[in-house]
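Open your viewer and get ready to select residues by number.

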Amino acid sequence: MLSQNLISEATRLTLTGQLVEATALLQRMLRGESPEPSHARVSPARLEPPTIDVKASIVEEKESRRTTRVSPAPLQSFDRLKDFPGLNLRGPMTRAPPATTDIAPQGTRFIAGAFRSANGSRNYKLFVPSRSQEKPLPLVVMLHGCTQSPDDFAAGTRMNFLAEERNCFVVYPEQPSGANQAKCWNWFRTGDQHRDGGEPSLIAGITRQVMRDYPIDPKRVYVAGLSAGGALAAIMAATHADLYAAVGIHSGLACGAASDLPSAFVAMRQGGGSEIADGGPPVPTIVFHGDRDTTVHPNNGDRIVEQSIKAAGLKAKVSDGRVPHGHAYTRTNLTDPRGRAISEHWNVHGAGHAWSGGSPAGSYTDPRGPDATREMLRFFLEHSLPG
């Protein structure tokens with residue numbers, strides 16, 4: 001059982017810079033152990049690394065060198081946590097940069113850009129398909145996970161290759177280490193959970209800048225993300241329902257699941273609710289989550305779906321499947337009385353904290369599927385903004 005007193009004590013420790021002690025206190029509380037007296041100093045050696053799949057798995061031999069699927073860096077690595085003794089984080093810094101041919105297909109462009117406003121600035125990479133001048137095209141905003149980069153995320157998801165097939169633009173905002181030392185989006189801060197400030201305003205600003213500079217169909221703009229990026233994608237859908245026609249959330253959390261560092265730990269370990277309501281219509285939502293994810297609890301996928309459902313009379317259809325030589329999954333579709341898809345929830349059995357069906361050319365991917373990139377893009381293009 002959670003203790004508000006212990007959460008308050010963890011918050012106090014965090015605010016005084018004692019993040020190791022705060023983390024250890026929350027870990028013992030979540031295990032149901034009796035905490036030490038508040039005056040006792042917690043030894044950093046007792047801090048358990050909140051990671052999964054600690055040993056990298058060899059998934060293929062490529063160009064005479066081994067390519068490994070690196071264990072996902074936990075969302076707990078935001079800010080100074082990645083420097084703590086005992087966390088033993090493993091991430092893209094241990095990998096060679098992806099090859100150009102793994103990032104985008106030949107004949108297309110993947111170009112750098114920047115956005116600046118009174119609320120700050122962010123760099124981004126933009127995928128321009130080879131047939132970009134044909135007509136106004138859809139745009140997908142892709143928000144990477146902790147320690148990732150636009151190049152790494154593009155290589156791992158292969159979104160640019162699918163976007164070339166379906167003739168879409170894709171933009172990848174980049175979180176710098178100056179905003180978060182582990183390059184996580186700050187989804188757990190209340191200042192970054194509202195429309196007109198913080199990181200949501202920067203992501204929306206990048207989206208609108210691309211819409212001004214390129215032939216984008218304003219009714220077909222979408223946002224997706226992984227882990228911390230998935231949590232921010234949920235925030236973007238909740239705060240900008242007039243901008244995004246659909247949202248994809250992979251291994252993420254619902255908008256408002258946390259309001260500070262201690263509540264972020266709790267939400268990640270057992271699932272977090274939401275106290276933020278936008279008051280508008282629900283944004284169609286597709287969720288992917290592995291049921292063996294011990295970095296972000298699978299209950300968070302359920303919370304996201306619950307947050308996206310505000311209509312009555314929804315019809316549910318549940319189907320099971322399996323990827324050949326890969327993961328089994330349960331897919332739950334919810335449609336409104338007119339047959340319009342409101343949400344899809346893909347519960348991937350046996351999968352951990354990694355992009356389902358991704359390429360080992362990028363970090364934090366599980367090639368055993370199902371293909372989250374293809375399914376998200378298919379779901380997105382079935383929706384457009386009204387009016």
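**Stop 1: two helices**

Select H5, residues 159-166, and then H10, residues 372-381. This is a predicted model, so keep that in mind at every stop. How do H5 and H10 lie relative to each other? Look along both axes: they cross at roughly 40° and come within 10 Å. Angles under 35 degrees would count as roughly parallel, and 65 to 115 as roughly perpendicular. H5 and H10 are therefore oblique. The crossing of H5 past H10 is right-handed.

Now show the side chains. On the H5 side, pick Met159, Leu162, Ala163, Glu165 and Arg166. They meet Thr373, Arg374, Leu377, Arg378 and Leu381 of H10.

**Stop 2: serine 363**

Next, select serine 363. Find the loop between strand S13 (355-356) and strand S14 (365-366); serine 363 is there. Is serine 363 buried or exposed? Its relative accessible area is 2%. Buried means under 20%, so serine 363 is buried.

Which side chains does the serine 363 side chain touch through polar contacts? A polar contact of 2.5 Å joins its side chain to the side chain of serine 363.

**Stop 3: asparagine 186**

Move to asparagine 186. This residue sits in the loop between strand S6 (169-173) and helix H6 (198-213). Asparagine 186 has 0% relative accessibility, so it counts as buried.

Then select alanine 228. Along the chain, asparagine 186 and alanine 228 are 42 residues apart, yet their C-alpha atoms are separated by 7.5 Å.

**Stop 4: the whole chain**

Zoom out and show everything. The protein chain has ten helices and 14 strands. Of its 387 residues, 56% are buried. Now think about contacts between residues at least 6 apart in sequence. Of these, 68% join residues at least 24 apart.

Finally, color by pLDDT. The chain averages 81, and 73% of the residues score at least 70. Where does the pLDDT fall below 50? Select residues 36-92: over this stretch the pLDDT is below 50. Beyond near neighbours in sequence, the stretch has 139 contacts in the model.

Conventions. Residues are numbered from 1 along each chain as its sequence is written. This is a predicted model: local features need pLDDT of at least 70, side-chain atom pairs count only at pLDDT 80 or more; totals for chains, interfaces and linings use all residues. Side-chain values use heavy atoms; hydrogens and water are left out. pLDDT is the predictor's confidence in each residue, from 0 to 100. Contact means heavy atoms within 4.5 Å. Helices (H or I, at least four residues) and strands (E, at least two) are DSSP runs, numbered from the N terminus. Buried means under 20% relative accessible area, exposed over 50%, partly exposed in between (1.4 Å probe, protein chains only). A polar contact is a pair of N or O atoms within 3.5 Å; within protein, one must be able to donate a hydrogen and the other to accept it, and residues adjacent in sequence count only if both atoms are side-chain atoms. Axes are lines fitted to C-alpha atoms, for helices over the stretch in contact, and angles run from 0 to 180 degrees between N-to-C directions. Angles under 35 degrees count as roughly parallel, over 145 as roughly antiparallel, 65 to 115 as roughly perpendicular and the rest as oblique. A crossing is left-handed if the near helix is turned anticlockwise from the far one by less than a right angle, and right-handed if clockwise.
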